[in-house]
There are 2 protein chains.
Amino acid sequence: MPKTLIVGAGMVRFGKFAPEITLEKLATGAARNAMKDCGVSRKDIEAVFVGHVFGGPVAGQRIATELGLGGLPVSNHENYCASGATALREAWTAISAGLYDIVLVIGVEKMTDRVKGGVAPDANDLDAMHGYIMTAGHAMSARRYMHDHNATREQIAAVVVKNHAHSQHNPYAQYQHAISLDEVLHARPIADPLGLLDCSPISDGAAAAIVCSEKGLAKLGITEKRPEVRGVALVSGTLRAGTGDINEEDISRRAGRLAYQMASIDPADIDFVEMHDCFSIAEIVRMEGLDLIPTGEGARWTESGKTSIGGQLPVNPSGGLLSRGHPVGATGMAQVCELYWQLTGQAGARQVEDAKLALAYCKGGTVAGTDGGAVSVVVMSV
Amino acid sequence: MPKTLIVGAGMVRFGKFAPEITLEKLATGAARNAMKDCGVSRKDIEAVFVGHVFGGPVAGQRIATELGLGGLPVSNHENYCASGATALREAWTAISAGLYDIVLVIGVEKMTDRVKGGVAPDANDLDAMHGYIMTAGHAMSARRYMHDHNATREQIAAVVVKNHAHSQHNPYAQYQHAISLDEVLHARPIADPLGLLDCSPISDGAAAAIVCSEKGLAKLGITEKRPEVRGVALVSGTLRAGTGDINEEDISRRAGRLAYQMASIDPADIDFVEMHDCFSIAEIVRMEGLDLIPTGEGARWTESGKTSIGGQLPVNPSGGLLSRGHPVGATGMAQVCELYWQLTGQAGARQVEDAKLALAYCKGGTVAGTDGGAVSVVVMSV
């Protein structure tokens with residue numbers, strides 16, 4: 001199977017943009033940055049893979065046309081918050097099959113004008129009808145975690161403080177300022193014990209990468225080593241609402257094991273993680289679900305700095321969803337950009353020292369039990 | 001590259017269903033029929049690929065959960081009316097890459113309650129704002145065709161008569177009755193010269209297939225020869241509204257050539273075609289765009305019976321979009337089902353004699369010039 005390499009990455013800064021800054025503009029901005037990053041021109045690109053949730057039919061084709069790539073194979077891929085990673089998966093699969101040597105992958109979302117009032121649960125979601133929406137689910141997860149593992153509210157809030165500290169040094173982050181533990185603890189309550197700063201924001205944004213085979217690398221005349229996509233695991237599953245343990249994270253465990261097997265790695269060798277911290281507590285329980293932090297230790301690890309840059313296993317050096325922002329379809333590709341920058345030593349003041357092997361995790365779907373969810377795990381190494 | 005084979009196909013009858021007959025029910029019905037068709041059980045299936053446009057986020061995961069396939073990799077693929085074919089493309093790519101041996105591919109759409117009043121053009125489509133919507137575009141295409149090629153209204157209407165004649169024998173078709181030329185010519189006018197019967201209907205429906213590698217075939221203990229997916233071409237492009245020749249069909253020509261090359265076939269050897277006849281005239285100009293009928297001859301070929309079952313090159317033995325119906329995300333997979341049934345000699349009274357090599361074409365996007373479109377071409381042989 002041909003190797004899949006990331007040879008260029010590009011983003012636009014995440015944030016809240018006016019209606020004139022369209023989905024297409026965000027996506028083309030990120031794509032052009034990725035192309036410039038590695039000197040790829042339009043004629044080099046053989047296919048375009050686009051991940052988004054709310055862009056509407058053939059959004060990818062509109063983006064390709066604006067990029068001057070009209071004519072190429074263009075496909076749109078959706079798996080809720082794992083949409084960007086799913087687009088990467090299709091590109092990785094196509095390169096593995098030998099179909100293409102140089103492709104463009106984009107994750108994009110314009111939330112502010114396309115998703116008024118935030119992401120709504122499915123109309124037929126019985127749990128949501130009874131109030132069991134995202135925030136409620138993660139609040140219950142936090143309560144259960146604190147009870148089961150003797151963890152404190154402050155330890156969970158430390159995730160937010162850490163991720164904001166990290167993204168001070170990320171020029172593409174929606175928030176680029178540090179916040180204090182006190183600010184997290186005294187933010188407007190959302191679903192007890194979680195406050196506003198425990199929740200990822202509504203964001204617009206795009207992230208893109210140029211993805212190649214080794215033959216593509218040679219075509220482009222690139223001689224330096226580039227990060228390899230070792231595997232993209234995708235699994236689905238249902239959270240067990242109301243029964244069992246809300247923090248069981250069976251879906252994360254299955255995705256992690258599949259990814260470790262695909263990539264032939266020992267998870268203990270992973271140098272840093274980009275984690276889907278849609279809520280502060282989610283970073284903790286998902287890291288444990290991946291068997292990267294011992295069960296019940298995630299909150300204490302965070303408080304003690306083990307998951308900070310410079311710590312034992314840095315999590316979200318980019319700032320994560322909480323502070324880089326979360327334009328849902330873009331998030332998976334923003335993680336891929338961060339992995340690329342870190343693994344090539346280009347992450348500046350947020351650089352994880354000696355990073356060789358990294359993992360990115362996305363979870364899409366609803367927290368409630370009746371709907372399916374998607375978890376993607378990307379493993380990259382240099 | 002491992003070969004990709006279709007080993008089972010299943011549909012539900014296309015039509016207009018009550019809100020209780022949900023997208024999930026349609027999809028699971030088609031999937032179960034495909035599984036039954038080849039004796040595949042749930043434990044055999046390794047991944048699920050779903051094509052739809054209006055199903056909403058993670059519709060594929062909801063479908064997989066209802067099928068008892070929760071847990072598997074599930075992905076959602078959108079390319080407007082080429083969405084079903086795009087899902088097949090991703091499955092074909094994954095099997096070619098050696099990722100899976102047995103997968104389920106579903107195309108589904110619930111139009112009647114999800115797309116009130118039919119498919120609307122993009123809000124920013126300047127051409128559409130000025131009245132250049134689908135029906136207007138195809139009406140102009142028909143006028144131009146009649147002018148350029150000395151074709152008659154009756155010859156174009158013959159497409160509708162033929163496709164209804166074919167679908168009398170298709171138990172999954174929305175319409176299963178013959179219609180007369182007179183009925184087509186005197187139907188309610190829509191956009192002159194096209195009347196109501198020249199336009200494909202609003203439909204609900206689903207179609208599915210079990211897609212395998214040769215290893216998968218052996219695992220299932222199937223010893224008979226099964227149709228091979230020889231290639232799935234995908235291209236994008238923009239129709240030139242207001243400039244040039246509206247019937248140029250450059251996008252179809254590029255897709256066709258790519259598919260012939262992928263499949264290493266001479267298009268002259270194709271035994272029948274499933275064509276995206278969203279409007280009567282579209283069947284004619286697209287067949288010519290694919291170089292399967294000489295330019296300017298399509299209308300006369302239809303009138304003379306050359307594209308009927310028993311003719312030189314049967315087009316739409318299933319009844320096509322005009323008479324089988326057109327649930328947009330399902331259409332590409334309904335074509336794949338028809339190819340499978342025809343190539344395995346299971347098409348009953350609509351069987352194309354001695355069918356060995358077949359092509360299915362889908363076109364997604366808007367007719368107007370500002371947006372991108374997607375064209376897929378699937379080639380299968382036995």
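Two strands count as paired if DSSP finds at least two bridges between them. With that in mind, open this predicted model and select strand β3 of chain A, residues 74-78, together with β3 of chain B: three bridges join these two strands, which run antiparallel. To see one place where they face each other, pick A:N76, which stands opposite B:E78 in β3(B).

The mean pLDDT of chain A is 94, and 96% of its residues reach 70 or more, while the model as a whole scores ipTM 0.95 and pTM 0.96. Where pLDDT is low, the predicted coordinates should not be read in detail.

**The side of chain B that touches chain A**

Now widen the selection to every residue of chain B that is in contact with chain A; there are 40 of them, and they meet 40 residues of chain A. Several elements of chain B each supply at least two residues to this side, including α2 (59-66), β3 (74-78), α3 (83-96) and β10 (357-365).

**Strand β1 of chain A**

Next, select residues 4-11 of chain A, which form strand β1, and notice that eight of its eight residues are buried. Six bridges join β1(A) to strand β7 (residues 204-212) of chain A, and the two run antiparallel; along this pairing, A:G10 stands opposite A:A208. Two bridges also join β1(A) to strand β8 (residues 228-237) of chain A, again in antiparallel fashion, and here A:L5 stands opposite A:E228.

**Helix α11 of chain A**

Move on to residues 280-289 of chain A, the helix α11, where ten of the ten residues are buried. Among these buried residues are A:I281, A:E283, A:R286 and A:M287. Just after the helix, select A:D291, which takes a positive phi of about 65 degrees.

**Helix α7 of chain B**

Finally, select residues 153-167 of chain B, which make up helix α7, and ask how far apart its end C-alpha atoms are. They are 22 Å apart, which agrees with the 21 Å that 15 residues should span at 1.5 Å a residue. Twelve of the 15 residues of α7(B) are buried, among them B:I156, B:V160, B:K162 and B:H164.

Note on methods
Residues are numbered from 1 along each chain as its sequence is written. Chains are lettered from A and ligands numbered from 1 in the order in which they are written. This is a predicted model: local features need pLDDT of at least 70, side-chain atom pairs count only at pLDDT 80 or more; totals for chains, interfaces and linings use all residues. pLDDT is the predictor's confidence in each residue, from 0 to 100. A residue is buried if 20 or more other C-beta atoms lie within 10 Å of its own, exposed if 12 or fewer, and partly exposed in between; C-beta atoms are placed from the backbone. Helices (H or I, at least four residues) and strands (E, at least two) are DSSP runs, numbered from the N terminus. Two residues are in contact if their C-beta atoms, placed from the backbone, lie within 7 Å. The expected span of a helix is 1.5 Å times one less than its number of residues.
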